[in-house]
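Trainee: Could you show me how to read a sheet and a core in a protein model? I'd like the general idea before each case.

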Amino acid sequence: MSVTLVTSLYDIGRSKLDGRTWDEYLDWFSKTLQLKSPMIVFVDQSLVDFVRQHRNGLPTKIIEEPIEKAPYYYLKGKMDGVIESKKYQSKISDPNRIECKSSLYNIIQYSKFGWLDKASEENYFNSEYFLWVDAGLSRFFYDIDLNNSYPGENAKQSLLNIKDSILIQVFLSYYPDLANAKELPKEYLQDNRSYIMGGMFGAGKESIKKLRLIVDNILEEMLTDNLINNEQIVLGYLYKKHSDLFVEFFNESYMHRSYELVVELSK
């Protein structure tokens with residue numbers, strides 16, 4: 001079974017928004033790029049040589065395009081209008097979050113679904129399964145041996161068995177009221193508590209298309225309602241609303257933002 005990893009990195013001046021520096025992201029990205037798997041990477045011209053250097057001959061398709069070509073850039077004007085609205089700022093939980101201040105941040109977060117869809121459509125490596133991997137995910141690699149193929153053989157078989165579903169990570173410990181709820185009201189889309197992790201998720205080709213469609217629909221509804229929030233909140237809402245589409249990996253650590261799935265898939 002073949003698995004393709006999909007990732008991306010753009011400089012949106014994040015250090016001025018939440019303190020995370022570009023140099024930090026380049027360091028994390030350099031390690032994420034070392035995963036031994038076919039990989040599709042969406043970057044602008046400034047990072048093409050960086051990707052080539054750190055992929056070091058591994059099977060890679062670099063798709064060079066400016067951020068203006070990102071799948072959801074066309075919504076920038078609407079997102080800016082929402083973010084600048086006093087009504088929005090008064091109703092959204094914790095309006096100082098980066099997603100409440102930067103349309104470019106939201107464009108990158110939602111474009112994960114579009115990039116994953118494009119990667120599965122082109123299918124440069126004839127893969128049966130596609131995994132989104134955040135550029136900075138390597139900070140959660142822990143004891144992963146980068147000399148080994150990724151995912152591991154056992155993990156590949158497990159992914160093959162669930163390729164008709166969307167694999168997501170559910171964080172059980174930090175917000176049990178959310179994780180254990182049978183459904184979540186639409187008001188959750190204004191919340192600041194993420195219990196689904198957006199740094200890694202995956203699916204087979206047809207499931208990816210289903211995911212993008214329902215994300216498109218809820219994003220359109222949100223913007224019409226003068227609302228924007230991060231993709232993890234949206235995934236948390238959609239997971240309860242369309243539970244039949246998803247299969248869960250339960251992160252059980254009590255450490256917030258512990259990405260156990262990325263390590264589990266190395267086995």
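Trainee: How many bridges join strand β2 to strand β3?

Mentor: Start with the general idea: strands of a sheet pair through backbone hydrogen bonds, either parallel or antiparallel. Here β2 (residues 39-43) and β3 (residues 60-64) run parallel, joined by five bridges. Strands here are DSSP runs of E, at least two residues, and helices are runs of H or I, at least four, numbered from the N terminus; two strands pair if DSSP finds at least two bridges between them. Phe42 has Ile63 of β3 as its bridge partner, and Val43 has Glu64.

This is a predicted model, where local features need pLDDT of at least 70, side-chain atom pairs count only at pLDDT 80 or more, and totals for chains, interfaces and linings use all residues. Residues are numbered from 1 along each chain as its sequence is written, and side-chain values use heavy atoms, leaving out hydrogens and water.

Trainee: In which order do the seven strands of the open sheet come?

Mentor: The order is β3-β2-β1-β4-β6-β5-β7, with mixed pairing. At the edges are β3 and β7 (246-251), each pairing on one side only.

Trainee: Which residues touch the most other members of the largest nonpolar core?

Mentor: A nonpolar core is a set of buried Ala, Val, Leu, Ile, Met, Phe, Trp, Tyr and Cys residues joined through side-chain atoms within 4.5 Å. Buried means under 20% relative accessible area, exposed over 50%, partly exposed in between (1.4 Å probe, protein chains only). In the largest core, of 59 residues, they are Tyr110, Tyr195, Leu211 and Ile228. Apart from it lies another core of 37 residues, including Val43 and Phe249.
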